[in-house]
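I opened my notebook to record what I could look up in this protein, going from the whole chain down to single pieces. Each entry says what I looked for and what I found.

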Amino acid sequence: MKKRRILVFMGGPSSEHEVSLNTGKEVIKNLDKQKYIAEPVVITKNGKWLMPPVKRLLLENSVLSSGAGKSLILAEPQALKKMNYMKPDAVFIAMHGEFGEDGTVQGLLESFGIPYTGSGILASSLGMDKPRQSALFRQAGLDIPYFIVAQKDEWKKNKNRILRGIAEKFVFPCVVKPANRGSSVGVSIVGSDPTKLESALNSAFSYSDSVLVQKFIKGREITCGVVENEKGLLLPLPPTEILAKAGAFYDYKSKYADGGSEHIIPPRNISMRLLKKIQDAACLTHNILGCRGMSRTDFILSPKGKLYVLEINTLPGMTSTSLLPEAAKTAGISFPKLLDLIIQSAVNKSRFR
């Protein structure tokens, strides 16, 4: 059997650069060597592309930031030309945040007709736009926490008006988050103290020009992934309950620090009927945005059993201890097999384009 040539995109200019490098390295490590020839493409924080052959050392953060291996660094146009010449069977997108997760790199790859993993341009863009995806989910009948959107330009002009508006519309605490970032970067849970609210908004605006202020729902944090099987049918994975240990919620530190969280599969004391409801909701959010390959949807389950959709992640973390691979393993799908399914979905998707 001829091996497929896979380019693994990692890094990028987003605040999730290091997380993406970890994902990319784990993908390369776990791809079936009997089926694939995997090569890394590292995009630096300043937008340069490190093209194959990329030595293993170049995947270390310290070497990347030092500028070592400059002979391999290309500007984007030259890198894309080289990639087109290489004619990979598919690109595995192991990037997070802007550029890699928002439809930008997907558009570049489509312009060259190169198959890539995960969702297309529109679904990826919506997956990074929390207000728009929330509006779509609400229209479909899903429960969404009440939210408003604040813009940076308005914040600069009249902070007091925005602060007063939030105080009038919300019973505190509330959640403040950038409208188009992942990994819980810039997210805060704040009470009615105006000083802390202002600080939380300033933090969120440092990451995005739009900020989502959302009603805080007390409850259990649940997430549920879905993946396409060999026939292209959507397979919901077992839901996971997340117990944050490094923070008050599943923030950046809880996600990536050693021992920062505990994942319970399946969630404790939940009926089969409710588990099915969570899985159905994860499939529905996936289909509403038109996602492909895989996705993971985050929920809050209130003490009264009401299920709220928080957001969808179209490119979930893909290390061996990330939520999606953990749930797949519980369902009997090994990490290499999961990667295989994701790549097959990319190849199938390109055939119908």
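The entries below begin with overall totals and then turn to a few helices and strands.

**Entry: the whole protein.** I noted before anything else that this is a predicted model. I counted the elements and found 13 helices and 15 strands in the protein. I then asked what share of the residues is buried, and of the 353 residues, 54% count as such. For the accessible surface I wrote down about 16200 Å², with 52% of that area belonging to carbon and sulfur atoms.

**Entry: strand 2 and its partners.** I went to strand 2, residues 36-43, and found it mostly covered, since 6 of its 8 residues are buried. On one pairing I found strand 1, residues 4-11, which runs parallel to strand 2 over 8 bridges, and in this pair leucine 7 stands opposite glutamate 39 of strand 2. I followed the chain from strand 1 through helix 1, residues 17-30, to strand 2, and noted that this β-α-β crossover is right-handed. Strand 2 also pairs with strand 3, residues 49-50, but here the two run antiparallel and 2 bridges join them. In that pair I saw isoleucine 43 opposite tryptophan 49 of strand 3. Strands 2 and 3 form a hairpin with 5 residues between them, and glycine 47 in the turn has a positive phi of about 90 degrees.

**Entry: helix 4.** Which residues of helix 4 are buried? In this helix, residues 104-111, I listed Val105, Gln106, Leu108 and Leu109. Looking down the axis of helix 4, I found that its buried residues fall within an arc of 160 degrees, so they line one face of the helix. I kept a general rule beside this: an α-helix has 3.6 residues a turn, so residues three or four places apart point the same way. I then asked what the buried residues of helix 4 pack against, and the answer was strand 1, strand 3, helix 3 (76-86), strand 5 (90-93) and helix 5 (121-128). Just after helix 4, glycine 113 takes a positive phi of about 70 degrees.

**Entry: helix 12.** My last stop was helix 12, residues 323-330, where Leu323, Leu324, Pro325, Ala327 and Ala328 are buried. Glycine 332 follows helix 12, and I noted that its phi is positive, near 90 degrees.

Note on methods: Residues are numbered from 1 along each chain as its sequence is written. This is a predicted model: local features need pLDDT of at least 70, side-chain atom pairs count only at pLDDT 80 or more; totals for chains, interfaces and linings use all residues. Side-chain values use heavy atoms; hydrogens and water are left out. Helices (H or I, at least four residues) and strands (E, at least two) are DSSP runs, numbered from the N terminus. Buried means under 20% relative accessible area, exposed over 50%, partly exposed in between (1.4 Å probe, protein chains only). Accessible areas come from the Shrake-Rupley method with a 1.4 Å probe; for residues, only the protein chains shown count as cover. Two strands pair if DSSP finds at least two bridges between them. A crossover is right-handed if, with the strands pointing away from the viewer, the path from the first strand over the helix to the second runs clockwise. The arc is that of the directions from the helix axis to the C-beta atoms. Contact means heavy atoms within 4.5 Å.
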